[in-house]
Amino acid sequence: MAYDKFDILTSTAVPLPIENVDTDQIIPARFLKATERVGFGDNLFRDWRYNQDNTLKEDFVLNQDKFSGKILVGGKNFGSGSSREHAAWAVYDYGFRCVVSSFFADIFRGNCLNIGVLPVQVSAEFLQKIFDATEADPTTELEVNLKEQNITLLSTGESESFDINGYKKNNMLNGFDDIDYLLNIKKDIETFAESTPL
Amino acid sequence: MSATKTLFDKVWDSHVVHKIQDGPDVLFIDRHMVHEVTSPVAFLGIKNRNIPVMHPEKTFATADHNTPTINQHLPVADPLSANQLRMLEENANEYGISYWGLGHAKNGIVHVVGPEYGITQPGATIVCGDSHTSTHGAFGAIAFGIGTSEVEMVLATQCIMQPKPKRMRININGKMSKGVTPKDVALFIISQLTTSGATGYFVEYAGEIFRDMSMEGRMTVCNLSIEMGARGGMIAPDEKTFEYVKDREFTPKGADWDKAMAYWETLYTDEDAIFDKELTFDGSLIEPMITYGTNPGMGMGISNDIPMANDVQGGATTYQKSLKYMDFNEGDSMMGKPIDFVFLGSCTNGRIEDFRAFASIVKGRKKADNVTAWLVPGSHKVEAAIKDEGILDILTESGFELREPGCSACLAMNDDKVPAGKLAVSTSNRNFEGRQGPGSRTLLASPLVAAAAAVTGKVTDPRELMVELV
C-alpha cells in the first residue's frame, strides 16, 4: 500500500516515558477483527486511554490536551511483542508519522517502515532530553529530517543523527513500497523458485 | 578466509534471490502460513493490484486466533469474528490455497498443525503473520513472524525484503532437573536476556539440553525466541528431527525424500563458524520458572522472591508500574499466592507432551474449587491423541474438561477471557497487561506448574507433587 512521502517533519511531541511498551498495549487483540485498514487509531492504547466503563483515564498522556503532535516518543524497547501490523496502523491512523525511542523491537520497526511511519532511534541520553523538554514545555518542537538523517530539539538546537538503510530511506522519501520493487524483479524470482529444493 | 558458516547462514544465504546495496536482502519463502487475523488486508492488497497468489501450493491457511473453543459445530456468534473467518475461507478458495477452517479435521493453531502435517521442514524459510512463527525453527528452518504488508509481498511474489539479522548462539549443557521442562529453559533464558536482549539477532540453540529435548520441547523453546526480541530461533536438525518429519502428509517421499535428506544433512553450524554473540548457561541450575510481572522477561525460579526494583535492569518506574498492575510487592514470594484461572494450551504449550505433563500431576487429584481451568489442545490431532492415550480419562476423573482447538485465552480474541483482576497461571507466551482479557493478570509457567496450581488453587512448586521415581 503506497503511503505519504516523508521529508522533513516539524511537530510537537507526545511523551510516553515507559519502557517495553508492547503491541498489546498499542492495540489490544480484541480490536484486530477488522478486515480493512480503517479506524485503528480509535483504539490506540485503548486500555491505557479508557477505563473499563469507557470513561477517559484523565492522567494518560493522550488524554491531556496540552500534549499533541505527529511525533510519539516512547521508552526503550518500544513495540515489543506481536507481529500485528495493526499496531503500526493504529499509530499512523491516530495521526503520528514518527516514533522516537532509544530502542525498537524488530518487527514493529519493520512494520512502521512498511507503512510510512518513521522509527527514529536515538541515544538514551537524547531520549531523556526530549522527555524532559516536552514535559517541561509541551509546545517544544522537534524537527525530524529524513534526508539529513537527524532529529533536532528546536528549543535548544541539540541534534542527533539516526540510522536508516539507503533503500528504505529512498522508499520513504518517495512514498514507494516494497511490492513495486518485488514485482519489478518477478522474473528473477520465478527463475530462483525453479531451483529451490523444497 | 574460511568458508565456514553457521546453520543460520547456510539457510539464509541459499534463499537470497537478490541483494540490495545498502538495503535488505530479497529472501525467497518456501512456506507461507496464513490465518484469519493478519491476512484480510493483505488479500485486499493483491486484489486491488489485480495480481494472483504467486505460489498457492506453498501457502497454507488455517483459522485459529478468533475461533471459539466450545460448540465449534455451531455458527460463530461474534459477527466480527465470523466475518474474518468467512473472509479467510473466501480468499483461500479464490486463490486456490489449502484451507483448514473451523470444523476441518486438520484444523488447529497454525504453529501446531504446520509441523504435524509436514509443512514444516528443515532448511526451509517459513513465514506467517504471527510472531510465534519462530516455533518452526525447531526443525532447523528459518522461521519468523511478519507484518501484513509482508504477507501481501509473499502472496504476490513469494519473497520478503529483510536485512540479514546478526547471529547469536545460546549454549546450554547439562540435564534438565526434576520438574524442569523446555518451557522453564526458555523462560530462564528470557529472564537472563530480558525482552530486548536478542533484538536484531537470529538465535541458534545448541548443547546437550536441547539435543535431549523431544521435537515438541524444541518447538516450545524456539516458539519463545521472539519474547527476548530475537527475529527467530533454530536448532540444527538431527535424527530426531528426520524421524519426526518422515512420512507426514506434505513431506517428500521416495526419491524426493533422498534428495531432501541430502540437503538436510548439511544443516549444521561448521566447527569454526563465528557468531556475533555467544552465551553459555549451565542447564542443571535451571529451576521450574514463573513470571511475576508484565513481560516474559520478568521471570524467576518458582521458589525465589520477587526482585527489588533496585536489583533489576531497566527503569525502576516501569518495573514498579508493572508490579502495581500485578498487585504484587517487591520481595514477595510467589509460592502460595491464590490463583483463579489455569490455561493449558497455545502454540507454546498446546501439544501432546504438554497434556501428558499436566496429566502426570493431576492424576489421582482433584481440580481446586476456586480454579476455572481451560484446557485447550493445539489441534484436532492433539485432541485425538489426548483421547487415544487415555489422558482425557485422567483429566475427567480429576474434574477437568477439554475444550476444542484454537489460540483461545492466549490472546483472548474469542470468548476465553480472564476477567479483570483475576490471576491466571498460563502455559502461553505473553503476560502483557490485559493480554488474556482487559485487566487480567497472567503468570507464565510450564504445564507442570499450571497443573500444580490447578489442583492446589495456588502457586505451588510442582516438585512437591511429583511421585519419586525409584
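Which residues form a negative surface patch?

**View 1. Negative surface patch on chain B.** The patch is formed by B:Glu239, B:Glu243, B:Asp247 and B:Glu265. Patch residues have over 30% relative accessible area and no salt bridge, with like charges joined within 9 Å; a salt bridge is a side-chain nitrogen of Lys or Arg within 4 Å of a carboxyl oxygen of Asp or Glu. B:Asp247 sits in the loop between helix H9 (239-245) and helix H10 (255-264) of chain B. Its relative accessibility is 60%, so B:Asp247 counts as exposed (exposed is over 50%, buried under 20%, with a 1.4 Å probe and protein chains only).

This is a predicted model, in which local features need pLDDT of at least 70 and side-chain atom pairs count only at pLDDT 80 or more. Residues are numbered from 1 along each chain as its sequence is written, chains are lettered from A in the order in which they are written, and side-chain values use heavy atoms.

View 2. Rings of Phe, Tyr and Trp (its six-membered ring) pair if their centres lie within 6.5 Å; planes under 30 degrees apart count as stacked, over 60 as edge-to-face and the rest as tilted. Over all chains there are 21 aromatic pairs. The ring centres of A:Phe192 and B:Phe28 are 5.6 Å apart and the planes are at 45°, so this pair is tilted. It links helix H8 (residues 186-195) of chain A to strand E2 (residues 25-28) of chain B (helices have at least four residues and strands at least two, as DSSP runs). Both A:Phe192 and B:Phe28 are buried.

View 3. B:Phe8 and B:Trp12 form a tilted pair, 5.6 Å centre to centre with 40° between the planes. Both are buried.

Methods: Patch = residues over 30% accessible without salt bridge, like charges linked within 9 Å, V, L, I, M, F, W, Y side chains within 5 Å. Areas by Shrake-Rupley, 256 points an atom, 1.4 Å probe, with all protein chains shown as cover. Lys, Arg positive; Asp, Glu negative; His and termini not counted. Charge placed at Lys NZ, Arg CZ, Asp CG, Glu CD.
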